[in-house]
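Subject: Structure for you to look at

Hello,

Please find the structure we talked about below. My notes on what turned up in it follow directly after.

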There are 2 protein chains.
Amino acid sequence: MPTISQRGVQMPSSPIRKLVPFAEAAKKRGVKVYHLNIGQPDIETPKPVLDAVRHSDFKILEYSHSAGNESYRRKLVEYYSRFNVSLNHNQIIVTTGGSEAIVFAFMACLDPGDEVIVPEPFYANYNGFAVEAEVKIKTITANIETGFALPAMEAFEAAITPRTKAILICNPNNPTGYLYSKEEMEVLKQLCLKHNLFLFSDEAYREFCYAGEHFSAMNLEGMDDNVILMDTISKRYSACGGRIGAFVTKNQVVLDAAMKFAQARLSPPSFAQIAGEAAVDLPLDYFDGIKAEYQSRRDVLVEGLNKIPGVFCPNPGGAFYAMASLPIDDSDKFCQWMLESFEYEKQTVMMSPATGFYATPGLGKKEVRLAYVLNRDDIRHAIVCLEKALEVYPGRTSK
Amino acid sequence: MPTISQRGVQMPSSPIRKLVPFAEAAKKRGVKVYHLNIGQPDIETPKPVLDAVRHSDFKILEYSHSAGNESYRRKLVEYYSRFNVSLNHNQIIVTTGGSEAIVFAFMACLDPGDEVIVPEPFYANYNGFAVEAEVKIKTITANIETGFALPAMEAFEAAITPRTKAILICNPNNPTGYLYSKEEMEVLKQLCLKHNLFLFSDEAYREFCYAGEHFSAMNLEGMDDNVILMDTISKRYSACGGRIGAFVTKNQVVLDAAMKFAQARLSPPSFAQIAGEAAVDLPLDYFDGIKAEYQSRRDVLVEGLNKIPGVFCPNPGGAFYAMASLPIDDSDKFCQWMLESFEYEKQTVMMSPATGFYATPGLGKKEVRLAYVLNRDDIRHAIVCLEKALEVYPGRTSK
């Protein structure tokens, strides 16, 4: 029997999805599971977005342009202009989800063995894309005490080697919810210009900022050749299944290289491009309602968590995630135990152990990530469950 | 300015799409261009397939399972059973187009520097996926004189090195249209078992066979651990823009590895999975009509081409491509000249230079690939254009 690749061996399993069998078993026992583990919002996809697909009347489901339909890219130019990002439609490649935008950036900018610096904790799937591209992720650690603010410039400087080609951030951040300030973005700019690095900026949650305005990497002056924006409509319009994202840069050489990767896979999905194009025409106040909804969920979650003895949860400034430290021995064990061995009034909670978001071994063992993608009542029930669970969990620690 | 990767430099441009600007310029001059260059059929997507999406009534466009919706995978089990391929739904990973199935196979089975043997001419985008995976494509040459039959076993043996991990075929073949016989498939089986190789089988055109029955690699006995089927609904149902394919194998270790790559990119597109699922329920005689249509187009094309002095086109047994050798100096030059400098009654033809389908330098310079994706009248007009063009082309050769 032929053996699989080392790459196939090294490829990490999804730290979020590995608990799924335990959740399924709990449900089979009749236990209600509150899913705070994954960024799948319960918010409905806007009807005009789905209707655009349902009312489409083409006869052939054709390949689109490899960079995406020109009509959609022109709409995206309009979308980005609302954030003072001035583009032309040829500076946008429509991708298959934000995931593909990350792969294109890694592939087009980094060679095997090259390094990208990422503040940890970070979105776990960056690890997978790094394995695919044979790229090394080097982390510098952000701390829960500061709410996961950007680590100091010196920490970045210390991590830079001759193989460092890029810094990757997610802003606002998944998994921490931290919203980088303009000043922090300026620090990244200084670093990139001084060391001739790309800045990969994953801005999937741009619209969901509660602690001030979002400052896009695309708004950094003098960084046109350095910045690559990785974007997606998944969270913005509750359209995760569409698999539509965008790779955006003003660096023409990078664009030309990324286009070759885009051509190899022919085109992004046609149906969801129609959805994405319609989404840009949603009333501008669409996000006011969504943002208010997420913010009220955040408030319920963070306030509730901080009332539980031994729990600390910094208030996230954006996205729809919160990281909390718990009085436990091991978050992997605890999250599994919650699904396997615990229930309160026939209910339990599924969370993501934070260990999967850190590269440094041992970090995140007391932390979990909670996605506030459920309504407030469900979140309140989930908090009660968590509090009861912490009272009886055998691996409870004093703090 | 940071530099792009060597991989980004090496990534090949699409040999098919590089002529697009010349075609666009021709159209701007008012010239009608017959597109025989690309496998985008003019056949309508079956209405029930599109209607399934249009009549869907979900409220949230959610992520699907990373392996695709279970209901769709169960339908695919039914689909494959029609070809005496017995599977369970966990042996199928729904992919984003056939392209992603190829990438998963390369990533999960081959490490950087590993070699995969491919008969040339071959589907040009395999080159791109090989660059992404840092894998080496080694070719053995099939000849137009034999209609591009499988090269002799000895040719494969001579190409095998300690780094060889797989053989990749496309059956029926793009770009040659050649349909591999059961006997040729048995030769591949012997090779794979003897040298412990994977057999990657791209069967995108399974339903379009005119010279006998299709024999799937999945039907090779004793090869369960070796065979990986790469599939797609793009051509089968004229649904190229859906971006839905499949990665199929009975090798559990390979499946587990591929699932990790599938999890990293979260899920395949949701809308088109609905379309794919509905497609399996099309009446079984759906393909009779489509196949008859393609076969009649093939007959018109091949007969017409072989009547042109100096032109030779072997009769393809499947898919919807034909390779023809022309009395010309250089197919790249000729195809560009057709768009840039030639017109007959305000019409011209776009074809793919065969050089892009060969890895061996110099091969394919007299050959072009023609996709018979247009109706018979259009094909007849295109043949007249081509004949007139060959009469006046400055680089014409005697044969």
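In chain A of this predicted model, three strands make up an open sheet, ordered S9-S12-S11, with antiparallel pairing. Strand S9 (321-325) and strand S11 (352-353) of chain A are at the edges with a single partner strand each, so one side of each has no neighbour in the sheet. S9(A) and strand S12 (residues 367-371) of chain A run antiparallel and are joined by 5 bridges. One of the residue pairs here is A:Ser325 with its bridge partner A:Glu367 in S12(A).

Chain B holds an open sheet of 7 strands, and its pairing is mixed. The order is S2-S8-S7-S6-S5-S3-S4. At the edges are strand S2 (92-95) and strand S4 (136-141) of chain B, each of which pairs on one side only. On average, and ignoring direction, neighbouring strands in this sheet are turned by 25° against each other. Inside the sheet, strand S3 (residues 115-120) and strand S5 (residues 164-170) of chain B pair in the parallel sense, over 3 bridges. B:Val116 has B:Ala166 as its bridge partner in S5(B).

Helix H4 (residues 70-81) of chain B lies across S2, strand S7 (227-232) and strand S8 (245-249) of that chain. Relative to S2(B), helix H4 of chain B runs at about 110°.

Back in chain A, there is a helix pair to report. Two packed helices are described by the angle between their axes and the distance between the axes. For helix H5 (residues 97-109) and helix H9 (residues 252-264) of chain A, the axes come within 9 Å and cross at roughly 120°. The crossing of H5(A) and H9(A) is right-handed. From H5(A), the residues in contact are A:Phe104, A:Met107, A:Ala108 and A:Cys109. They meet A:Val254, A:Ala257, A:Ala258, A:Phe261 and A:Ala262 of H9(A). By class, that contact of H5(A) with H9(A) has 9 nonpolar residues, no polar ones and no charged ones.

Next, the backbone geometry. Most residues other than glycine have a negative phi, and most peptide bonds are trans. The bond joining A:Glu120 and A:Pro121 is a cis peptide bond, with omega about 0°. A:Pro121 sits in the loop between strand S3 (115-120) and helix H6 (125-133) of chain A. In chain B, the peptide bond from B:Glu120 to B:Pro121 is cis too, with omega near 0°, and B:Pro121 is in the loop between S3 and helix H6 (125-133) of chain B. B:Ser238 has a positive phi, near 50°. That residue, B:Ser238, lies in the loop between S7 and S8 of chain B.

Last, how the two chains relate. The contact takes 82 residues from chain A and 82 residues from chain B. Between them, the chains bury about 6,600 Å², 57% of it on carbon and sulfur atoms. A:Pro2, A:Arg54 and A:Tyr63 supply 11% of the area that chain A buries against chain B, more than any other three residues.

Regards

Conventions. Residues are numbered from 1 along each chain as its sequence is written. Chains are lettered from A and ligands numbered from 1 in the order in which they are written. This is a predicted model: local features need pLDDT of at least 70, side-chain atom pairs count only at pLDDT 80 or more; totals for chains, interfaces and linings use all residues. Side-chain values use heavy atoms; hydrogens and water are left out. Axes are lines fitted to C-alpha atoms, for helices over the stretch in contact, and angles run from 0 to 180 degrees between N-to-C directions. Helices (H or I, at least four residues) and strands (E, at least two) are DSSP runs, numbered from the N terminus. A crossing is left-handed if the near helix is turned anticlockwise from the far one by less than a right angle, and right-handed if clockwise. Contact means heavy atoms within 4.5 Å. Ala, Val, Leu, Ile, Met, Phe, Trp, Tyr, Cys and Pro count as nonpolar, Asp, Glu, Lys and Arg as charged, and the others, Gly among them, as polar. Two strands pair if DSSP finds at least two bridges between them. Buried area is the accessible area (1.4 Å probe) that two parts lose on being put together, summed over both.
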